[in-house]
Amino acid sequence: MALAHGYDVSDYQGSIPDDAEFVIVKASEGARTEQADYTAKRDEARSRGIVLGHYHFLHAENDVQGEVDHFCRVVGNVPAGELLVLDFEPYGQPVADGAATAAKNAWLAAVKARYPNNRVGLYTSVDWWHRTDDNAADFLWIADYVAAGSPRIQAAWRFHQWTDSPLDSDVYNGTVDDLRAWVGAAASAPALAPGPSASWTTPARVTRDQWGAAAPSGSYTPMTGALGIKIHYLGEDYQFSDHSTCAAYVRKVQAAHMANPSEHWVDIAYNELVCEHGVRFEGRGHDVRSGANGDQTLNSQHYAICALLGSTGSTTPTDAQLNGLRDAIEDYRHNAAAGPEIKGHRDGYSTDCPGGPLYSWVLAGAPRPASQEDDMPFTEADIRRFIREEVTATALPDQVWNHPLPNIVKQADGSWGRDGSSKEAFWWLVWQDVFHAQFMDAVSKVGLTPEQIRQALADGTLHVQVTVAPAATPKGN
Ligand SMILES: [Zn+2]
Ligand SMILES: [Zn+2]
C-alpha cells in the first residue's frame, strides 16, 4: 500500500512541491505572527486540488483565546474538508507541562467549536506526546524521524512527519484515496431537497447601492466557520404588493434596525432579504455576521436571510419567494462558505420567527416549489374532505356538504374565484371569501405547504380545527 505523501510548509519554503498529495500550510503563530506566504500557498493548494490543512504554532504562555482569535482571523472561512492543526512543541516556553497541556486542549476545543465542519488535529513530537495527555482532538500528526509510516508510538495516528530534510515530509496512514475519503466524509453536507423547477429563472440580486442602502454606522464582525443559514421573517404586519415597492420596504427595515434603541445595530440586521417576487436584496452580505436578535452566540454561527413575509397580513411565502430564498442559500454556500445547516430563527431561541409556513419549508430541506403553474394543487375531493373533517361549523345543513363542490379557480391576478353559477349555501361561503380566508389561515397555522396538506389529507394524518365565524353561516337558500 502506497501511503499518501505530502509536506508541511511555512515561509521557509518557497513553494509546494509538485508531487504533493496533501499539504499542511502554516498560517499563524502566537497571538500576532502571521505567515507572509500563507494565502498564496493556500490558494495554490486549492487550485491544484490537493488535500489542504492549515496550522498554528502555539505559544503556550499566551492567553489561549487570543491565539484562537488570531488563527481564526488569519484562516477566515475554511471549507468543510480542509484540516486545522495545532503545532504543539512548547520547547523553551516558560510554562509547566500541565499548563501547556491545558492551553493545547483549550485551543483545540475552541477551534473545533468555531469550525465544527472541519477536522481539528494535533501536531507534536514523540517527546511531547509522552509529556502531555492523549487528547489530539480529531486526529494526531506525529513527528518522528524514522522510516516513513513507522512512528514509535502506540497511539493511533493519521499523519507522520518522518523527516525534515531537505523538506518537512509527511505520509498519511493510508492511500491517497483513503485520505480523500476521510476528509470528504467530513465535507459531505446533507443534500438540498430537489433542484430548480424549470419555470424558475433566478433574477439579478439587488445590490445595496441599487436599493439605496444607508452606509453602516460601524464595522461588521467577520463570519468564520458558519454552520449554515437561518431563515427569518419580518415579525410584523406585511402585505404583498407590487415589486416597485420592495426597495422602499427594505430601506424602511434598515432604518428601523439602525434606530433600534436596544440592539445598537450598525446596519440592517440581515445578511440578505428576499421579497415575495423572489428577488434577493443584499443586506450585510457575505462573510460577516448578522445582527439577528436573541441569542447572540447561536446567531453568530449562521447567516441570517429574511423573507419579506408578515406575522400577520401576507403570511404564506410565494413560490417565487421560496425560489429566491433557495437562491440565497445556494449563494451563501458557494460564495460565503456557509455550512450545510438550514434552520429557522426559532431553533434555539424563543420566537415564532420565521412563522409556520416558512418554518415547515425549512424543515422540509428548503425545496424548490414543484411548479410555478400549479397554483391549485387540491382536488375537489381533497377540499371536500378538508372542509368536512377539519372545519367546525354549526348549523350547516347536510345539503351544504352534500352538494357538489363549485369549481374553485385561482384567477390570473392571484385572487380566488369560481366558474359556474351555483347558488348553494357552500358556494356562498366561498364567494364571500370566508372559506378562502379560513382555509388559508388554517394552512398557515399548521405550517404546511399545499403539497404537504394534500399528502396529509390523503394519508389521514392532518388534524386541524378551524372555527368558522358566525358571519359565515349560510343563508340557507
Ligand atoms: Zn428572526
Ligand atoms: Zn419584490
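# A friendly tour of a predicted protein model

Strand β1 pairs with strand β2 (residues 22-29) in the parallel sense, and four bridges hold the pairing. This is a predicted model, so let's look at the overall picture before meeting a few of its parts. The secondary structure of the protein comes to 15 helices and 20 strands. Of its 477 residues, 38% count as buried.

**Overall picture**

- Take the contacts in the protein between residues at least 6 apart in sequence: 69% of them join residues at least 24 apart.
- The mean pLDDT of the protein is 79, and 73% of its residues reach 70 or more.

**Strand β1 and its two partners**

- Strand β1 covers residues 5-9 and is mostly covered, with four of its five residues buried.
- Besides its parallel pairing with β2, β1 pairs with strand β9 (residues 169-172) in the antiparallel sense, over three bridges.
- As background, strands of a sheet pair through backbone hydrogen bonds, either parallel or antiparallel.

**A sheet of five strands**

- Another place to look is an open sheet of five strands, in the order β13-β12-β14-β10-β16, with mixed pairing.
- Its edge strands are β13 (280-282) and β16 (341-344), each of which pairs on one side only.
- From one strand to the next, the twist averages 25°.
- Helix α10 (residues 356-363) packs on this sheet and touches β10, β14 and β16. The direction of α10 makes about 160° with that of β16.
- Inside the sheet, strand β10 (residues 228-232) runs parallel to β14, and five bridges join the two.
- Within that pairing, isoleucine 229 stands opposite tyrosine 303 in β14.
- A handy rule when you trace a strand: in a regular strand the side chains alternate between the two faces of the sheet.

**Helix α7 and its two sides**

- Helix α7 (residues 246-258) has 13 residues and reaches 19 Å from its first C-alpha to its last, close to the 18 Å expected at 1.5 Å a residue.
- Which residues of α7 are buried? They are Cys246, Val250, Val253 and Gln254.
- Seen down the axis of α7, these buried residues fall within an arc of 100°, so they line one face of the helix.
- The face of α7 turned away from its buried side carries the exposed residues Ala248, Lys252 and Ala255.
- The cover over the buried residues of α7 includes α6 (208-211), β12 (272-274) and β13.

**Serine 300 in its loop**

- Serine 300 lies in the loop between α8 (296-299) and β14 (302-307).
- Why does serine 300 count as partly exposed? Because it has 17 C-beta neighbours inside 10 Å, which falls between the cut-offs of 12 or fewer for exposed and 20 or more for buried.
- Serine 300 and threonine 224 are 76 residues apart in sequence, and their C-alpha atoms are 9.0 Å apart in space.

**Where to read with care**

- Over residues 371-380, pLDDT stays under 50, and the model has 17 contacts beyond four places in sequence for this stretch.
- Over residues 442-448, pLDDT also stays under 50, and here the model has 21 contacts beyond four places in sequence.
- Where pLDDT is low, the predicted coordinates should not be read in detail.

Note on methods
Residues numbered from 1 in each chain as written. Chains lettered and ligands numbered in written order. Predicted model: local features only at pLDDT ≥ 70, side-chain atom pairs only at ≥ 80, totals over all residues. Contact = placed C-beta atoms within 7 Å. Pairing = 2+ DSSP bridges. Axes fitted to C-alpha atoms, helices over the stretch in contact; angles between N-to-C directions. pLDDT = per-residue confidence, 0-100. Expected span 1.5 Å × (residues − 1). Arc of directions from axis to C-beta.
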